[in-house]
Structure formats: C-alpha cells, structure tokens
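Hello,

Here is the structure for you to look over. My notes on what was found follow below.

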Amino acid sequence: MRFYPFRCWPKIGLLCLCLTLTIACGGGEKTFTRSKSTSGPVPESPHSLTFWGQTATPQRIILNLTTTPATSQAVTWRTVVPVAHPQAQIAPASGLSDFDKNARSVAADTETVTLDDGRMVAHHAVVFDALAPDTVYAYRVGATGAWSEWNQFTTASSKPAPFKFVTFGDPQEEVRSKCSRVFRAAYQHAPDADFWHFVGDLVDNGDRDAEWAELFDAFGWIPRTTPMIFLPGNHAYPNRRRVKPDAFRIFDLWRPHFTLPENGPAGLEETVYFLDYQGVRMVMLNGNEKLAEQALWLDRILSRNPQSWTIAAIHQPVYNTGKWRNRSTLQDLFVPIFDKYAVDLVLQGHDHTYSRTYKLRNGTRVGPDESGTVYVISVSGPKSYPVGPQHAALMEKSGTGRQLFQVIRVSQRHLEYEALDAAGTRYDAFVLKK
Ligand SMILES: [Fe+2]
Ligand SMILES: [Fe+2]
C-alpha cells in the first residue's frame with residue numbers, strides 16, 4: 001500500500017460526490033439502497049451499506065508487520081465501493097464486553113485500483129502506532145455503517161525473546177481448492193505463531209483479481225489476527241519475454257493489498273525490506289529486478305546488524321533443484337554477502353520442490369559447528385516439478401509432490417526448524433545453535 005497523503009482523496013471524493021448526486025437527483029436507472037430503511041443513526045451492521053447491490057463491507061483485511069513490530073502494526077483492507085471517511089479503531093483488548101469504550105480512531109489512507117474486469121475498488125490502510133510491546137489489542141476497520149468485526153493481534157516484545165513463525169513456499173495454483181488445507185493445518189499446528197511469511201508466487205497471475213480473491217478465501221480470518229509478510233515471486237510480474245523492458249514492473253495489485261516496509265532500495269518499496277523481530281533480522285529480497293542494487297543494500301544493512309540471528313528470503317533459489325534451472329547470477333551476487341555476514345538461513349520458493357542444504361559456505365558443505373548458511377526451498381501449493389541433479393551433493397533433504405509448511409522457533413541460542421506436510425506429518429527438521 002502506498003501512503004499518498006491526500007493524493008487519492010480527490011478520486012474518492014469525486015466518486016462519493018457522483019453517488020450523492022445520483023441519489024439526490026434520482027438520476028440514472030441505478031438506485032442507492034440501504035438494506036434497512038432507517039431514520040436514525042446508520043446501523044452498524046457490516047452489511048448495512050450497499051451501493052447498487054455492492055456492499056461497503058471491508059474485505060481482504062490483513063495485518064502486516066512494520067519495521068517496529070513492538071510498537072506499531074499495519075492493517076490493510078479494501079472495499080468494492082467508495083466509502084466516506086474510511087478508518088480503523090483500536091483499543092487494548094480485555095475480556096470485558098465494553099473493551100471498546102475508549103477506542104481511538106485512525107483515518108485511513110486510500111488508494112483506488114482499476115481491476116482487470118474494469119471495476120474500480122478502494123484499498124485502505126492504517127498503521128497503528130504508539131502501541132505497547134507484548135500487548136494484545138483489538139481493532140476493527142471500515143467506516144460508519146460498515147465496520148468489520150473486532151479482531152485481535154499481539155505486538156512483539158521490544159527485546160529478544162523466544163518466538164515462532166510459519167513460512168510457506170509458493171501457493172500459486174488451486175489456491176482455494178488445495179492451499180486452504182495447508183493454511184489451516186499450519187494454523188492448527190502453530191496457532192500462536194507470531195507471524196506468517198511467504199516467499200512469493202502467492203497466485204499464478206498476479207494481475208487477476210479473481211486469483212487474489214481465492215487467496216484471501218483460502219486464508220480465511222487468519223490474516224486478521226496473525227500478521228503476514230511477503231516478497232514477490234515472478235508471478236507478481238508479467239512474463240519478461242512477453243513485455244517490453246519498460247513494461248516489466250510489478251503488477252498493480254501487489255502494493256495496494258499490503259502495507260509492507262519501505263526501507264529497501266529506491267523503486268523496490270514493499271518488495272525489498274528488512275525488519276527486526278525479537279532478536280532476528282528478517283530480510284526480504286526481490287529476485288525479479290535490480291539485483292545489483294539489492295546486493296549493495298544487503299551488504300550495507302547486514303554490516304550494521306545487532307541481531308543474533310539473520311534470516312534472508314528470496315523467491316528464486318540460489319541453489320536450484322528444479323529441473324533445467326540454475327541461477328548462477330544469484331550465487332555470484334548474494335552468496336559472498338551471505339557468507340560475509342554468516343546469514344543463518346535463506347528461505348526460497350519458485351522450484352516447486354522441497355530441498356534443504358547442509359550448512360554451506362562459498363558453495364561448499366561445512367561442518368555443523370562452523371559458520372555457514374542453510375538454504376531451503378519449499379512449496380505449499382500442489383504444483384510440483386521433478387528434482388534436478390545439479391546441486392544434489394549440497395542437499396541433505398530433497399523431494400517433490402508434497403504440500404508443505406515450515407515452523408521456525410527461535411530463541412537466543414537455538415533455531416529449531418520443522419517442515420510439515422498438509423496432513424501434519426513431519427517431513428524435515430534441523431536445529432541451528434549459537
Ligand atoms: Fe512458483
Ligand atoms: Fe516462481
């Protein structure tokens with residue numbers, strides 16, 4: 001989500017004005033209706049406001065981590081009709097039913113997007129700030145007459161402390177049909193995960209709104225309570241071979257759906273960034289463009305890294321296992337930096353296989369107690385490729401044809417990694433020690 005203060009309001013305002021004039025003048029064949037006839041305050045039912053049969057109910061509500069997860073939290077949602085004064089409300093959660101009596105309101109930033117079917121929708125975003133660390137908050141999003149339910153999240157601790165997160169390879173295909181079971185299995189296995197993380201290819205065609213609808217359907221209410229962080233795969237971009245170079249840029253639907261950090265290289269906002277979470281530096285890279293700029297940036301941010309653990313993520317693997325694939329460019333650019341700063345773990349997708357290397361340095365296996373990096377490729381969706389032989393000697397575990405998720409538990413001295421399949425069966429595991 002781009003934060004453009006006031007920039008988008010003229011568009012929304014114009015739409016609201018048009019709606020008002022249409023309603024007031026009785027113009028056109030379409031009519032403005034509320035589901036209930038009211039003469040008092042607008043009822044706060046989520047379905048109470050409709051415009052030409054379309055509801056103003058907030059959709060696709062998703063929490064994203066910020067660069068200060070102990071004291072702030074981002075939330076993004078969309079409406080398929082324009083709404084006046086979109087906002088979010090927040091209050092410390094409690095078991096009391098009047099927990100919301102002192103809720104504070106935060107005005108949303110709004111960005112309009114024209115979909116592939118020509119409809120215009122509005123994406124709204126709020127960053128709650130001045131929060132207390134390690135505290136449960138309740139929040140809702142929407143506007144008068146069209147609120148979401150109250151949801152809850154927990155802020156991070158302000159200092160290193162044990163936590164777990166879940167990470168997923170590409171969902172990409174059959175997302176509603178076959179990825180939802182992976183998401184639900186992951187939630188059942190680790191309902192107290194602090195956040196979820198994805199290494200890209202969320203959908204197959206990142207410019208098709210219907211596929212994003214499937215993704216949010218498959219997530220259910222999980223992103224309303226478990227913050228998520230993402231990086232883009234190649235399917236968030238057009239096919240490089242089918243567009244001119246100046247048209248090769250991330251699809252318009254990526255940024256409006258999320259509110260991700262913007263502390264990466266210029267031009268890669270919300271796709272390349274880092275954040276520190278309770279003793280771990282999480283670094284997202286974008287394997288699709290501006291790789292040399294990212295390498296310079298990566299070297300810089302890792303040279304000033306006070307965290308005990310460093311986890312990097314990139315969609316395209318550094319050591320491929322997918323047949324016919326071998327991206328030496330990524331090895332040349334990033335492995336020297338991963339080695340220089342002893343990055344602990346690199347999470348990847350794209351190959352639609354599972355593979356996990358031994359601990360490596362300079363492309364060579366090192367002992368378990370030596371400084372080195374473990375590289376993981378995984379997949380959560382049903383699309384599978386055969387495992388190629390090109391880096392077989394580096395792999396401690398490889399396979400294909402299985403839908404997986406990974407739970408990572410981090411404490412001061414240990415990083416415990418576990419890969420499980422959609423049936424909840426452990427598929428792989430290892431432990432790193434400091
Ligand atoms: Fe993929
Ligand atoms: Fe991919």
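**Aromatic rings**

Phe165 is buried, because its relative accessible area is 0%. Buried means under 20% relative accessible area, exposed over 50%, and partly exposed in between, with a 1.4 Å probe and protein chains only. Phe195 is buried as well, with a relative accessible area of 0%.

Before going on, some ground rules. This is a predicted model, so local features need pLDDT of at least 70 and side-chain atom pairs count only at pLDDT 80 or more, while totals for chains, interfaces and linings use all residues. Residues are numbered from 1 along each chain as its sequence is written, chains are lettered from A and ligands numbered from 1 in the order in which they are written, and side-chain values use heavy atoms, with hydrogens and water left out.

Back to the rings. The count of aromatic pairs comes to 33. Rings of Phe, Tyr and Trp (its six-membered ring) pair if their centres lie within 6.5 Å; planes under 30 degrees apart count as stacked, over 60 as edge-to-face and the rest as tilted.

- Tyr139 and Phe153 form a tilted pair, 5.8 Å centre to centre with 50° between the planes. Tyr139 is in strand E10 (residues 136-143) and Phe153 in strand E12, 14 residues apart. Both Tyr139 and Phe153 are buried.
- Phe165 and Phe195 are stacked, because their ring centres are 4.9 Å apart and their planes lie at 10°. This pair links distant parts of the chain: Phe165 in strand E13, Phe195 in strand E14 (residues 195-198), 30 residues apart.

Strands (E, at least two residues) and helices (H or I, at least four) are DSSP runs, numbered from the N terminus. Ring pairs also link a cluster, including Phe168, Trp196, Trp212, Trp254 and Phe405.

**Ser157**

Ser157 sits in the loop between strand E12 (151-154) and E13. Ser157 is buried, with a relative accessible area of 14%. Beyond its neighbours within four places in sequence, Ser157 is in contact (heavy atoms within 4.5 Å) with Ala70, Pro133, Asp134 and Gln278. Pro69 is 88 residues away from Ser157 in sequence, yet 8.1 Å away in space, C-alpha to C-alpha.

**Cavities**

On a 1 Å grid over the protein atoms alone, a cavity is a set of points where a 1.4 Å probe fits but cannot get out; a pocket is an open set with protein on both sides within 12 Å along at least five of seven lines; lining residues have an atom within 4 Å of a point. There are 3 cavities of 30 Å³ or more.

The largest cavity holds about 50 Å³ of space. Among its lining residues are Asp201, Trp212, His235 and Trp254. The second largest cavity holds about 40 Å³. Its lining includes Thr167, Phe168, Gln348 and Gln406. Strands E13 (163-168), E19 (345-348) and E23 (374-377) each give two or more residues to that lining.

**Pockets**

The largest pocket has about 530 Å³ of space. It is lined by 20 residues, and Asn234, Pro238, Asn239, Arg240 and Phe248 lie nearest its centre.

The second largest pocket has about 430 Å³. Of its 22 lining residues, Lys359, Pro368, Asp369, Val431 and Leu432 are the closest to its centre. Strands E20 (354-357) and E27 (426-433) each supply at least two lining residues. E27 gives the largest share, 4 residues.

Best wishes

How values were computed. Grid points are joined across faces, edges and corners, and a volume is the space filled by probe spheres set on the points.
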